[in-house]
Amino acid sequence: MASPFGVLVCLLIVLPQILAISSPIDEIAPLKTCQFPCMTEVNLHLFLHQFVDGPNNPNRNEETLLQASFPFGFGTTIVHDWTLTETTNSRDTVVARVQGVHVQAGLTKPNRWYTTHNIEFQQGRFAGSTLQVMGITAGLESGQWSIVGGTGQFIMAQGIISFTNHPASTFEDGIKELNIRVRFTRDITQAA
């Protein structure tokens, strides 16, 4: 039978070796930041205002670059600079601008507009940040766009924008109600 002194000596010799095998040295120091990106989710409710291109619309916020002669206007390309507000009133404060292009991508169906754009926030806590968005738009009463990236506060953004054509829409102001659900990596260098 071992004496208490013998057990103590054995533990003092063997215990550091056991600990060294089970933990690499760099894991012994406490971590000061997240090991994995810290994700944040935000839900925004905004209204998109589209003033369509046309000779009788001086307030338009889109312009046709290419008018194609294919069936259904396949290939027609329009650049846009739509506005986002917090209400259906287009004269309210512009929270963000939706800048990009939409292309008539349907050769067998009318109104199959593929759109890709950046949403650049101008007001509020996300001012200066952007979301990169793509999807199908016109011709649908409701639908979804994918959020495929972001900058500023929206680092590594992903998410979905659900849209519906709002009943207050007119020919001059096509209003889409947007529900934006975005997940993004919190900038841990600013959070620390």
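Buried means under 20% relative accessible area, exposed means over 50%, and partly exposed lies in between (1.4 Å probe, protein chains only). By that scale Arg60 is partly exposed at 34% relative accessibility. The structure is a predicted model, in which local features need pLDDT of at least 70 and side-chain atom pairs count only at pLDDT 80 or more, while totals for chains, interfaces and linings use all residues. Residues are numbered from 1 along each chain as its sequence is written, and side-chain values use heavy atoms, with hydrogens and water left out.

**Strand β3 and its pairing**

- Strands (E, at least two residues) and helices (H or I, at least four) are DSSP runs, numbered from the N terminus.
- Strand β3 covers residues 77-85 and contains His80.
- Seven of the nine residues of β3 are buried, so the strand is mostly covered.
- Two strands pair if DSSP finds at least two bridges between them.
- β3 and β4 run antiparallel and are joined by eight bridges; in this pairing Asp81 stands opposite Gln99 of β4.
- Strand β2 (residues 62-66) pairs with β3 in the antiparallel sense over four bridges, and Thr64 has Ile78 of β3 as its bridge partner.
- β1 also pairs with β3 in the antiparallel sense, over three bridges, with Thr83 in β3 as the bridge partner of His49.
- In a regular strand the side chains alternate between the two faces of the sheet.

**His80**

- His80 is buried, with a relative accessible area of 3%.
- A polar contact is a pair of N or O atoms within 3.5 Å; within protein, one must be able to donate a hydrogen and the other to accept it, and residues adjacent in sequence count only if both atoms are side-chain atoms.
- The side chain of His80 makes a polar contact of 2.9 Å with that of His102 and another of 3.4 Å with that of His117.
- Contact means heavy atoms within 4.5 Å.

**Salt bridges**

- A salt bridge is a side-chain nitrogen of Lys or Arg within 4 Å of a carboxyl oxygen of Asp or Glu.
- A search of the whole structure finds four salt bridges.
- One of them joins Arg183 and Glu41, whose closest N and O atoms are 3.9 Å apart.
- Arg183 lies in strand β9 (residues 174-185) and Glu41 in strand β1 (residues 39-50), so this pair ties together parts that are 142 residues apart in sequence.
- Arg183 is partly exposed at 37% relative accessible area, as is Glu41 at 36%.
- Glu63 and Arg60 meet through their side chains in a salt bridge of 2.9 Å, N to O; Glu63 is partly exposed, with a relative accessible area of 34%.
- Asp81 forms a salt bridge with Arg97, the closest N and O atoms being 2.9 Å apart.
- Because Asp81 lies in β3 and Arg97 in strand β4 (residues 96-104), the pair ties together parts that are 16 residues apart in sequence.
- Asp81 is partly exposed at 26% relative accessible area, and Arg97 is partly exposed at 22%.

**Aromatic pairs**

- Rings of Phe, Tyr and Trp (its six-membered ring) pair if their centres lie within 6.5 Å; planes under 30 degrees apart count as stacked, over 60 as edge-to-face and the rest as tilted.
- The whole structure holds six aromatic pairs.
- Phe121 and Phe154 form a tilted pair, at 5.6 Å centre to centre with 50° between the planes.
- Phe121 lies in strand β5 (residues 113-121) and Phe154 in the loop between β7 (142-151) and β8 (158-165), so the pair ties together parts that are 33 residues apart in sequence.
- Phe121 is buried at 2% relative accessible area, and Phe154 is buried at 0%.
- Ring pairs link Phe121, Phe126, Phe154 and Phe184 into a cluster.

**Nonpolar core**

- A nonpolar core is a set of buried Ala, Val, Leu, Ile, Met, Phe, Trp, Tyr and Cys residues joined through side-chain atoms within 4.5 Å.
- The largest such core has 24 residues, of which Ile119, Phe121, Leu131, Ile180 and Val182 touch the most other members.
- β1, β3, β4, β5, β6 (130-136), β7, β8 and β9 each supply at least two residues of this core.
- Leaving aside neighbours within four places in sequence, Val182 is in contact with residues including Glu41, Leu131, Ile147 and Phe154.
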